[in-house]
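Here is a friendly briefing to read alongside the sequence and the 3D view. Please have both open as you go through the topics below.

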Amino acid sequence: MSEIAFSAEAMEVVKKIIKRYPEGRQKSALLPVLHVAQAEFDGWLSPEVMDYVASILEIKPIEVYEVASFYTMYNLQPVGKCLLEVCQTGPCMLNGADDLVAYLENKLNIKVGETTTDGMFTLKTVECLGSCGTAPMLQCGADYHENLTNEKADALIEKLRTDNKRSRYC
Amino acid sequence: MGRKILLEHENVPGIETLEVYRKMGGYRAAEKAIKSMAPDDVTEEVKKAGLRGRGGAGFPAGMKWSFIDKKSDKPRYLVCNADESEPGTFKDRYLMEKIPHALVEGMIVSSYALGAKTSYIYIRGEYFYVLRILEKAIAEAYEAGLLGKNIFGTDYSLDLYVQIGGGAYICGEETALLESLEGKRGNPRMKPPFPAISGLYASPTVVNNVETIAAVPHIVNMSGDEYAKIGIERSTGTKLISASGHINKPGVYEIELGLPVEEFIYSDEYCGGIKDGRKLKAMIAGGSSVPILPAHLITKTANGDARLMTYESLSDGGFASGTMLGSGGFIIMDETACIVRHTWTLARFYHHESCGQCSPCREGTGWMEKVLHRIEHGHGTMKDIDLLVDISKKIEGNTICPLGDAAAWPVASAIRHFREEFEYHVLNPEKIKDPKHFEKEPFVSSVTQNA
Amino acid sequence: MAKVTIDGVEIEVPDGTTILNAARSAGGDIVPPAMCYYSKLEGSGGKCRTCLVKVTQGSTNDPRPMPKLVPSCRTNVMDGMVVENITSPQVLEARKGVVEFLLINHPLDCPICDQAGECDLQNLGFKHGAVNTRFEEERRTYEKIDIGDKIKLHMDRCILCYRCTFVADQVAEGGRCHGVINRGDHAEISTYIEKAIDSDFSGNMIDVCPVGALTDKTARFGSRVWFTKPMDAHRDCDHPKCSGKVVVWEKGDEILRVTGRKDQYNEVESFICNTCRFEKKKTSDWVIEGPRHIDRKSVVSLNHYEHLKDIKEDILKYQKQISENLNKG
């Protein structure tokens, strides 16, 4: 396995992030830097990647594990190229989130929490994404896909397949 | 048309840019405050305005500011809470996305008032695209000399950064937010000490919601007294309401506090009435954590007075027959909605979002979710309904932070007002097998029948 | 100094004292139970909520009652404060709730748990809990794991007091490598990646653990604690930070287990090193001082003839009470 290291570009971003905080408070950069790391290293955080982040921020590895496992956006296991996160809380439920989940499960032939055999899609249900007025919806990378119908979902899946790019938050 | 302040220019093309924002009068307040007002005068205006925290708690913002420890020799911080995550609430996202400079200017004016030299906007991780919008606006402001060193040629300097979260509702609680901003798990801190004394990096800190901060420039422009004339009594000013659920026109609306709830639901200017002409069944007025109200208590209070969109009127009757304005997350349910199912999704939400630090919330939220899941899926007993009430009581008030209350109230209020529907689930497991069990045949309670 | 009244008992303590420590300074029934607070670990407390009390008067200057129950371990007394602990039905009800919450996912495997007999959760449940459980769901379970070659972690039993993480941060050397991962009711004590906790003082995590989540592998399943004889002992330990003052738990001539010396609130008097704890299991390793004082109400006092005189006095006292009661009819 090759040595884990940020690209020069990513390293620039990381350095800029660290500068936002007072001297000695570089741990504050942990959440944003983990996002950068996840985007850099195939959409998930392996223990090695987290150890690397710990070394950059000069903190103990356990401090990174504690944080990464607390927040839902950090994937501690590999995920498909496109992570589809369907909101299922109250208002989305009222407007058809259950149907959307069922439709996607059927279409992708996977259950929630699973990844398609080609490694293209992982389907996940999440709690409120702050898109209640445009329900049902899903998030893929940084993009919100709102007011979804089966047809719109079809088109989205098709587009993601054609683009064949890894979804990323940043 | 109601008066708009925050969203007055929401539809002006290019309002997200500095140029258009300034053309519409933007950054006048920042200039006025920094050039011609003492920091304490700004705080004084905010106090006079009666501006209350728009994140949910409704605590007077000016008073919160005046608690900041001025004797401390540590730097002071202003942190904006943009961790909007309360189900039913999406107003901050709308405001930041549409008019990012409204928040940037608010941060400048508020930071000046508090004497903060570095300020942070903590935004929920899922709003990454909004982060980009804010960063762009901040870069424009730096470029124009509105941020950075010697703003407007004065000796006031301010650095403003946006911090991205990682996906955790609990970080909307101000001390959890500060922990998160320090790169830690979002475990709320024990108070006291309050952030005003020991907040970010153990320094004096004020944490305010996006909408609260965005209102400050308008207060500076029009004066606190003028702002206080808008609205009713202690509910001054305007409020952004996120409307969702079974309504014709979901979206974010700015209302003058004092608008009748009935008008908000049925007027075409706002929600536009109930979807497909169906009957109104329930309302959650201020985000998922506030008590749900049944149809007969929505437009009128228990006394028969018109229910208004104000802090006071919505809470009229206490928890027995009232609710709260909260974050303004306004969720409407029509007769096809299943209260048990909806309450279960909320319980699942709070279970998912509990930080796990203190035992009543860690264990109680999961327990409530499991019991509600059973009832909704036809495996409940009558005893379970009372058990839920009892669990909610044992959580409420006994936790470190308000998440415990937020998890307890929806369950307790749903049973308070819709007990018959819970009982129906227990007694008729066959009839609720289809997840959309009330879609074809709405449930009619005796309360509805008599109302 | 501040005067505080707890359950009608007036106590004077230095400013800045917590309600819990004020109560402890007086002792007796007015002392709230504490599962997560540990006076020797900075930052501990506030989490378990078993020590919640009611403040009916904030202070002389501001007599308003506090709106909610407060954690007595993290709330400082004020002069003139009035506190209700066991005299408040609200407190007892809340505490009962907390005990229930702590137990719903607990395996209740006391019959096979080494901590049984000296377990804070057992004592808490006995005193404040209900007889029956109302929890019908499936309990949360975890695999048992070794954290280090001498310590076993039964996460099932953990109540997430965080004390062991504070020990790792504040007492053990070499930096913390375990912590709390995940969140909510999935939160667990873990090293995340399989990693041995390697520090001369790691064994103290076992002593501070209020339940049987962390147990001493060198003593596991050795004996029920009430069949062992706790003896105060010491040795000249060359570790500069180790007091060398311990309790050896004997069975016959054998030393089954070595722990720190615990006070009436189950807190160690001083921390000890792993050599003393894990390696010194021969009687000849120790200077035995005499029987450890054990509370007579504790099951550990079974067969523990520490203060025959006291027992005799107790018996006479009870006899007198009984005869008085009989006379009253």
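Reading chain A from the N terminus, the elements follow one another as α-α-α-α-β-α-α-β-β-β-α. Please keep in mind that this is a predicted model.

**Chain A**
- The tally of secondary structure for chain A is seven helices and four strands.
- Its C-alpha trace spans about 50 × 35 × 25 Å along the principal axes of chain A.
- Of the 170 residues in chain A, 50% are buried.
- If you look at contacts in chain A between residues at least 6 apart in sequence, 60% of them join residues at least 24 apart.

**Helix α16 of chain B**
- Helix α16 of chain B covers residues 382-395, 14 residues in total. From first C-alpha to last it reaches 21 Å, close to the 20 Å expected at 1.5 Å a residue.
- Buried in α16(B) are D384(B), L388(B), I391(B), S392(B), K394(B) and I395(B). These residues lie on the same side of α16(B), because the arc they cover around the axis is only 160°.
- The packing partners of the buried residues of α16(B) are α15 (359-376) and α17 (403-427) of chain B, along with α2 of chain C.
- After α16(B) comes G397(B), with a positive phi near 80°.

**Where chain C meets chain B**
- The contact between these two chains involves 24 residues of chain C and 21 residues of chain B.
- Helix α2 of chain C (residues 89-104) gives the most to the side of chain C that touches chain B, namely six residues.
- By residue class, the side of chain C that touches chain B has twelve nonpolar, four polar and eight charged residues.

**Domains of chain C**
- Chain C is divided into domain 1 (2-96), domain 2 (105-131 + 146-216) and domain 3 (225-301).
- Taken over C-alpha atoms, the centres of domain 2 and domain 3 of chain C are 20 Å apart.
- Twelve residues of domain 2 of chain C contact 16 residues of domain 3 of chain C. The side of domain 2 that touches domain 3 in chain C consists of two nonpolar, four polar and six charged residues.

**A closer look at D207 of chain C**
- D207(C) sits in helix α5 of chain C, residues 204-208.
- Why does D207(C) count as buried? The reason is that D207(C) has 23 C-beta neighbours inside 10 Å, and 20 or more is the cut-off for a buried residue.
- Setting aside residues up to four places away in sequence, D207(C) touches T259(C), G260(C) and V268(C).
- With V268(C), the C-alpha to C-alpha distance from D207(C) is 7.2 Å, although 61 residues separate the two in sequence.

**An open sheet in chain C**
- Three strands of chain C make up an open, antiparallel sheet in the order β6-β7-β10.
- β6 (145-146) and β10 (214-216) of chain C are at the edges; each has a single partner strand, so one side of each is left without a neighbour in the sheet.
- Strand β7 of chain C (residues 151-153) pairs with β10(C) over three bridges in the antiparallel sense.

Notes. Residues numbered from 1 in each chain as written. Chains lettered and ligands numbered in written order. Predicted model: local features only at pLDDT ≥ 70, side-chain atom pairs only at ≥ 80, totals over all residues. Domains from an automatic or database assignment. Contact = placed C-beta atoms within 7 Å. Nonpolar A, V, L, I, M, F, W, Y, C, P; charged D, E, K, R; others polar. Pairing = 2+ DSSP bridges. Helix = DSSP H or I, 4+ residues; strand = E, 2+ residues; numbered from the N terminus. Buried ≥ 20, exposed ≤ 12 C-beta atoms within 10 Å, placed from the backbone. Expected span 1.5 Å × (residues − 1). Arc of directions from axis to C-beta.
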